[in-house]
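I opened the model to look up its charged pairs. These are my notes.

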Amino acid sequence: MEAVLQTKGLLSLPPTPKARALYPSQGFKQRLFATKPKTFSGFSLSSNEAPKLPILVSKPNGFLPKDRNLHICRAEAAADGQALFGEETDKPKFLGIELVTFKKIIALGLMFFCILFNYTILRDTKDVLVVTAKGSSAEIIPFLKTWVNLPMAIGFMVLYTKLANVLSKQALFYTVIFPFIAFFGAFGFVLYPLSSYIHPEAFADRLLNVLGPRFLGPLAIMRIWTFCLFYVMAELWGSVVVSVLFWGFANQITSVDEAKRFYPLFGLGANVALIFSGRTVKYFSNLRTNLGPGVDGWAVSLKGMMSIVVLMGLAICLCYWWVNAYVPLPTRSMKKKEKPKMSTMESLKFLVSSRYIRDLATLVVAYGISINLVEVTWKSKLKAQFPSPNEYSAFMGDFSTATGIATFTMMLLSQFIFEKYGWGAAAKITPTVLLLTGVGFFSLILFGGPLAPTLTQFGMTPLLAAVYVGAMQNIFSKSAKYSLFDPCKEMAYIPLDEDTKVKGKAAIDVVCNPLGKSGGALIQQFMILTFGSLANSTPYLGGILLVIVLAWLGAAKSLDTQFTALRQEEELEKEMERAAVKIPVVSQEGGNGSLSSGAALNPTAGDSSSSSSEPSTPRNI
């Protein structure tokens, strides 16, 4: 039997479409005893407004009865994305989400929760270790960030780059994360119990007597080197495991549409992890009250928290393995986009040349310096109020929980703030909060004596009041940073032209982020070495904070004016384009070959009848 498909043009449509019953591809026995054909979702189209009828697909094979006709499916066009030849388009869904996407997002959500749960425990623990250790104080933090953390981060990224060239993605993930898990487990059960034997305390004491108390911070790095190593590994967990491993993996396996829909939920989930991990730190820190005399309560608490960190780390690896094994991953184009590479000097020149980029850079640098100036001073007062590691850790657990709640609330309110008050007001909230709380914090430190009688009526000392105000400052400034400052910074790039947008972001990434993070630490180091201690430097640090935040507010105001002008210019250009551009209607084909020009250039004319296989008719804009 030979089937001939007659064509009358490029797209031939049957004048009188008929349903053609075709049996699905089955064996001889099933075809012989089949009672009714199986139908699929497909549509037959016609050019004369005939109703759409289902198409039945068959791929006959095997032997057929002699008196049985082989049905032939005519070539018919599919309309508006309908499946051709009965192909199913609907994928299985759960709660309105495709099942494949749902499995992927749930696994990523669990990974993100475990990673940030661990990060909160590690972040709180690292401060307890280095601040409350014998022979150390909060003065160690600026030196630790500059001279230990920064070189270790650079060295790790060099090593990571080399490993990425020789290992597969899965092998690279496990190679990076397993050393972290092993170290934190070994620290809780091996390094901390042996710390009194492996720390060179006597040698550090002799050097301190020779050099003087102003070198307490640098010498403490050598004195408690295992605690400093824990501090650096905890910092690297935040930058490596969160930023490099997790977000690299998430961007690899999610599409842009999935990212737009689900990435904001990861931000909310991060704050839920913050709340739960804060409660966990609080619980283990209070274990000391149930222990007998002579027992190192902090060692017991540390073993419990490090055990949870190890279990969460293994859960992260399990989720990663499961996604790679059981979730189909999207294919990516191998074409790489060229990224602008700017040296430090080129970045500086570009920053200086553009007022808009200068103001944006001021925002980034000012935040990094301001939060560092207040945070280190606050931690020194926190140690004075809570000298015991367990008490310090319990307070940090409450602090993390409060930060998670505040950030979660601010993220829910941020959309209302942007819609109601605009970009300018949202950009000024973070420096305003930091300024008000910073003034209150430094005032309690500098003028605590005259305020003591008033504070006593509320059951607080000036020191305790400074601790609480400093905690509020850190909580509100960080929640405002995550919910308002970061979105404002990214939105500021949008109205720029492509060249300025790309080069400006590269310049800020190269210069301003490192300058903001290390600027505060360098200022504190200079003050400590000049005035002898962090306490003696407090008045000057308060003055520097005031100047920086005022410059931050000025830059935000200037940037708001420029941002608004660029947005208005952009909207005006769009309106002009919509008013000027006319798209004529393409003449439609009447019947199966002739062209009709009924309403080609008349926007008031009704829609002409057309073949449903033709593209949708564009109208004048």
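I began with K282, which comes out at 23% relative accessibility and so counts as partly exposed. Its partner is D398: the two form a salt bridge, with the closest N and O atoms 2.9 Å apart. I looked up where they sit. K282 is in helix 9 (residues 256–285) and D398 is in helix 13 (residues 389–446), 116 residues apart. D398 is partly exposed too, at 28% relative accessible area. I note that this is a predicted model.

Next I searched the whole structure and got 9 salt bridges.

I then checked K126. Its side chain meets that of E235 in a salt bridge, 3.2 Å from N to O. K126 lies in helix 2 (residues 99–132) and E235 in helix 8, so the pair ties together parts that are 109 residues apart in sequence. K126 is buried, at 3% relative accessibility, the cut-off being under 20%.

I moved on to D127. Its side chain meets K379 in a salt bridge of 2.9 Å, N to O. D127 is in helix 2 and K379 in helix 12 (residues 355–385), so this pair ties together parts 252 residues apart in sequence. D127 is buried at 2% relative accessible area. K379 counts as buried at 6%.

I traced shared partners. Salt bridges join K126, D127, E235, E375, K379 and K478 into one network.

Last, I looked at helix 8. I found a kink of about 30° in helix 8, centred on L236.

How values were computed. Residues are numbered from 1 along each chain as its sequence is written. This is a predicted model: local features need pLDDT of at least 70, side-chain atom pairs count only at pLDDT 80 or more; totals for chains, interfaces and linings use all residues. Side-chain values use heavy atoms; hydrogens and water are left out. The bend at a residue is the angle between axes fitted to the seven residues ending there and the seven starting there. Helices (H or I, at least four residues) and strands (E, at least two) are DSSP runs, numbered from the N terminus. A salt bridge is a side-chain nitrogen of Lys or Arg within 4 Å of a carboxyl oxygen of Asp or Glu. Buried means under 20% relative accessible area, exposed over 50%, partly exposed in between (1.4 Å probe, protein chains only).
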